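Here's a quick briefing to read with the structure open beside you.

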Amino acid sequence: MSDSNVNINDTQNTADAAPDFNIKTSAFVFLLALSGCSAYEGRSTPDPQALGIPAQWQSVIDEAGSSPESLFLADKNTQNQLYSPLLATTAQTRWVKNFNDPSLALLVERVLSSNASLAAEAAKVASAGAGQIQSESALYPTLDLTGSISESQTGDNRSSSESVKLNAGFELDLWGKLSAREQEASLNYAAARASFSGAALDLSADVAEGWYNLITQKKLLKLYKRREDTLINALKVVEQGYQNGLKEIDELYSARQSLQDERDNMTSQEQIVTEQVRALQVFLGRYPDGRLLNEEGLELPELPALKTEILPSELITRSPALQSYWLTLLAADAGLAAANRERFPSLSLSASVDQSIDWNLMASLTQPLFNAGKLAAAEDQAAANVEQQEKLYLQTVFSTFADVENVLMQETTLAHRYQLASEDLETARNTTTLALSQYQLGLTDLDSLLAVQKSMLDSEAQLLTLHNQRLSNRIRLYQLLGGDTRSEQAFLADRAPSSDAL
């Protein structure tokens, strides 16, 4: 066996061979430069215009009289496309169809395709997948090709040497250390995928809740506007009565103060509406200019019937959050096993062959003897990580079960409160009708009529708020149960056309 480190094809050249050597050297350096080029590209500051950032703050633009634009439009074509493939892909998103709301389906679809936070979660999945491939590669042999070129000069004699060598290496996984690392990376990859599913579920739930909050706040604003119109008419009556000597000055001041208070409420409510619009714009990855959506005529949907086939024992495997915690715990177990086996000997094989077919083969055995407690501390750290992940998983499991139980109870509580509020509103409307008739007949005063009308509007606001709370509670239930509460078979059966439709 020849020495693989001996230079091959040594040639003795005189000084007049320098140009040929320089050409070879330049070519070799050029190839090295090409192989070492980085794929990294320098970043420049984001273009504000490309991000939709205006030249001035929106409050300044609005004061200048800019006309509002819609955040998104749900035209007739999109209204008919209620269930997009994006929303029907997994249980984490297809629950949106249960509300039978085309506008919500369109909004959630656009958010899922453009939200930066969800894209960041997708990048985490890609990173974890690449890490899994790196760990798995340690189970396979490595093969490298190396080349070298050198030049030396002694007196008037100049010499150069070139060599090419193929190197192979392989570490035997005697104790399962490498496979444990591969398993750890694989489980982390699965946990990242579960975390992404959870992020999609949480995002769609936040968007749905924000959308119905916006509709609710807009309807409350309309109620306040009705109240303002009532107070404006009442002020006119009081002013006329004051001019005719039928009303006192304190009654006039009280009517004006009531109108001012209601306008102050309207201003605060407009702020709430604008902030809710901005929150949805952030979800969409747009500049939060707070301009109104084209939501005129939209109503809060009726609460869909709750059809759930999920048992408490199934929640552990359905919830993306619980799955992510569980897979993270399993990955920590694999990491502990790998940390323990780092203290065992490692056996490696290596081989090389050069361009003259000279070869060598070597086996090496490495046993850690002294490292100032580094490996022992790494194992202790891995064990502590396992305990941490185990406690976090158990805490999350019981917290999730408690949340589901509370939300299911809230379903019944809110339904009862909604029924009472409906009856209260019916009574308030009848009372208002009666009070208006009595006022027209002169049997009651204006203040009594205004108090009855305010009570009716308060009842309408209470019923509207409870309706939104029931929708939010149902969205929260879908979120806790891992999305759609039906099985895959039931979902496909509902989508299949019936024989009567054929």
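Buried here means under 20% relative accessible area, and exposed means over 50%. Keep in mind that this is a predicted model. With that cut-off, α6 has a set of buried residues that includes Leu118 and Gln132, and α7 is part of what covers them.

**Helix α6 on its own**
- Helix α6 runs over residues 116-137.
- With its 22 residues, α6 stretches 32 Å from first C-alpha to last, close to the 32 Å you'd expect at 1.5 Å a residue.
- The buried residues in α6 are Leu118, Glu121, Val125, Ala128, Gly129 and Gln132.
- Look down the axis of α6 and its buried residues fall within an arc of 100 degrees, so they line one face of the helix.

**What α6 packs against**
- Covering the buried residues of α6 are, among others, α5 (102-114) and α7.
- The axes of α6 and α7 (residues 177-243) come within 8 Å and cross at roughly 170 degrees.
- Angles over 145 degrees count as roughly antiparallel, and α6 and α7 are therefore roughly antiparallel to each other.
- As for the residues in the α6 contact with α7, eleven are nonpolar, seven polar and six charged.

**Thr400 in helix α11**
- Thr400 sits in helix α11, which spans residues 374-440.
- Is Thr400 buried or exposed? Thr400 has a relative accessible area of 10%, so it's buried.
- Leaving aside residues up to four places away in sequence, Thr400 touches Leu315, Leu322 and Leu480.

How values were computed: Residues are numbered from 1 along each chain as its sequence is written. This is a predicted model: local features need pLDDT of at least 70, side-chain atom pairs count only at pLDDT 80 or more; totals for chains, interfaces and linings use all residues. Side-chain values use heavy atoms; hydrogens and water are left out. Axes are lines fitted to C-alpha atoms, for helices over the stretch in contact, and angles run from 0 to 180 degrees between N-to-C directions. Helices (H or I, at least four residues) and strands (E, at least two) are DSSP runs, numbered from the N terminus. Angles under 35 degrees count as roughly parallel, over 145 as roughly antiparallel, 65 to 115 as roughly perpendicular and the rest as oblique. Ala, Val, Leu, Ile, Met, Phe, Trp, Tyr, Cys and Pro count as nonpolar, Asp, Glu, Lys and Arg as charged, and the others, Gly among them, as polar. Buried means under 20% relative accessible area, exposed over 50%, partly exposed in between (1.4 Å probe, protein chains only). Contact means heavy atoms within 4.5 Å. The expected span of a helix is 1.5 Å times one less than its number of residues. The arc is that of the directions from the helix axis to the C-beta atoms.
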